[in-house]
Amino acid sequence: MIQRKQTLFLLLAFVLTVVCMSTQVGTLYNESGTVAARIYNLWLTDGQGGHSFASAPLFGVLLVDALLMLVTIFLYQKRKLQARMCLVGMLLGVAWYVLLAVLPQQTGGQLHLEWPSVLPAIGVILTFMARKGILADEKLVRSLDRIR
């Protein structure tokens with residue numbers, strides 16, 4: 001199981017997703033240029049230290065994505081299902097960016113992203129590479145079945 005390259009890709013994508021869930025992903029600025037809020041996946045922290053859970057859907061999407069990747073790792077005997085779950089994981093990664101783009105419109109401010117906001121994109125790329133490996137394994141197994 002762990003010797004498969006797609007397992008390593010999924011494990012690395014899981015780790016990157018967990019790191020992104022626990023770090024600051026951006027900062028919202030007012031029209032005057034002052035910091036309005038710091039964006040974490042679970043909450044927004046304003047300048048006075050108060051918390052608003054307007055960004056909680058970001059955390060929810062990443063949590064589901066991380067759990068899905070973890071489950072996908074252990075489905076190595078069901079390659080078709082594993083490939084479908086990778087596709088869902090990639091869609092969740094894209095959905096995270098859509099929610100991140102909508103967040104400044106809800107709160108009214110200008111968004112400046114931090115470096116951890118790149119981690120879900122890297123996770124999507126790693127999940128794509130894992131899916132490609134899974135489909136190659138499925139193709140190999142089908143060709144061996146055909147030869148017998």
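I began with the classes: the lining of the largest cavity has four nonpolar, five polar and one charged residues, where Ala, Val, Leu, Ile, Met, Phe, Trp, Tyr, Cys and Pro count as nonpolar, Asp, Glu, Lys and Arg as charged, and the others, Gly among them, as polar. I noted that this is a predicted model, in which local features need pLDDT of at least 70 and side-chain atom pairs count only at pLDDT 80 or more, while totals for chains, interfaces and linings use all residues. Residues are numbered from 1 along each chain as its sequence is written, and side-chain values use heavy atoms, with hydrogens and water left out.

I then wrote down the terms: on a 1 Å grid over the protein atoms alone, a cavity is a set of points where a 1.4 Å probe fits but cannot get out, and lining residues have an atom within 4 Å of a point. A volume is the space filled by probe spheres set on the points.

I found two cavities of 30 Å³ or more, and the largest has a volume of about 40 Å³. Its lining includes Thr17, Asp65, Gly93 and Pro120. Helices H2 (56–73), H3 (79–107) and H4 (119–147) each supply at least two of its residues, a helix being a DSSP run (H or I, at least four residues) numbered from the N terminus. The largest share, four residues, comes from H4.

I turned next to the second largest cavity, which holds about 30 Å³ of space and has Leu10, Leu68, Thr72 and Cys86 among its lining residues.

Definitions and conventions. 1 Å grid on protein atoms, 1.4 Å probe; cavity = no way out; pocket = protein on both sides within 12 Å on 5 of 7 lines; lining within 4 Å.
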